[in-house]
Amino acid sequence: TERGPGFQNYDLSLSKGFTTFREENLKVRVDAFNAFNISSYGTPNSYIGGNAATAWGVIGGTASGPRKIQLSLVYGF
């Protein structure tokens, strides 16, 4: 069997809490999924036969998604 290319995916998260008034607080959080936007390619086509014989070994897509950034605020009271 053939082997596919390597897969890399790095997720990062930063958070900080602030006291606003007496027991009330505010939490800020930023999450980054696939933070460095590294393209990890999918596995090659392994089907041999029929009209798809010319597509054998072709990588047709990626295994990783695009970079996504999420911001959240939580106010506790």
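1. A definition comes first, since several positions below are given relative to strands: strands are DSSP runs of E with at least two residues, and they are numbered from the N terminus. In that numbering, Ser40 is placed in the loop between S2 and S3. The model under discussion is a predicted one, and the remarks that follow should be read with that in mind.

2. On the sheet: three strands make up an open sheet, arranged in the order S1-S2-S3, and their pairing is antiparallel. Strand S1, covering 12-21, and strand S3, covering 68-76, each have a single partner strand and stand at the edges, so one side of each is left without a neighbour in the sheet. On average, and with direction ignored, neighbouring strands of this sheet are turned by 10° against each other.

3. On the pairing of S2 with S3: strand S2 comprises residues 24-33, and its antiparallel pairing with S3 runs over nine bridges. For orientation along this pairing, Lys27 stands opposite Val74 in S3.

4. On the salt bridge: how many salt bridges does a search of the whole structure find? The search finds one, and it is formed by Arg29 with Asp31, whose closest N and O atoms are 3.0 Å apart. The two partners fall into separate accessibility classes, since Arg29 counts as partly exposed at 40% relative accessibility, whereas Asp31, at 6%, counts as buried.

5. On Asn34: this residue lies in the loop between S2 and S3, and its relative accessible area of 4% makes it buried, because the limit for that class is under 20%. Once residues up to four places away in sequence are set aside, Asn34 touches Asn9, Tyr10 and Asp11, and also Ser64, Gly65, Pro66 and Arg67. With Pro66 the C-alpha to C-alpha distance is 6.7 Å, although Asn34 and Pro66 are 32 residues apart in sequence. The side chain of Asn34 also reaches the backbone oxygen of Gly65, at 2.7 Å.

6. A polar atom of the Ser40 side chain lies 3.0 Å from the backbone nitrogen of Gln8, and Ser40 is buried, with a relative accessible area of 3%.

7. On the aromatic pairs: the structure holds two of them. Tyr10 and Phe36 form an edge-to-face pair, with 5.8 Å from centre to centre and 65° between the planes. Tyr10 belongs to the segment before S1 and Phe36 to the loop between S2 and S3, so this pair ties together parts that are 26 residues apart in sequence. Tyr10 counts as partly exposed at 41% relative accessibility, while Phe36, at 52%, counts as exposed. The pair of Tyr75 and Phe77 is tilted, with 6.4 Å from centre to centre and 35° between the planes. Here Tyr75 counts as partly exposed at 43% relative accessibility, and Phe77 is exposed, with a relative accessible area of 83%.

8. The phi of Arg22, which is not a glycine, is positive and near 50°. Asn34 likewise has a positive phi, of about 55°, although it is not a glycine.

Technical notes. Residues numbered from 1 in each chain as written. Predicted model: local features only at pLDDT ≥ 70, side-chain atom pairs only at ≥ 80, totals over all residues. Heavy atoms only, no water. Pairing = 2+ DSSP bridges. Helix = DSSP H or I, 4+ residues; strand = E, 2+ residues; numbered from the N terminus. Axes fitted to C-alpha atoms, helices over the stretch in contact; angles between N-to-C directions. Buried < 20%, exposed > 50% of the residue type's maximum accessible area, 1.4 Å probe, protein only. Contact = heavy atoms within 4.5 Å. Polar contact = N/O pair within 3.5 Å; in protein donor to acceptor, adjacent residues only side chain to side chain. Phe/Tyr/Trp six-rings, centres within 6.5 Å; stacked < 30°, edge-to-face > 60°. Salt bridge = Lys/Arg side-chain N within 4 Å of Asp/Glu carboxyl O.
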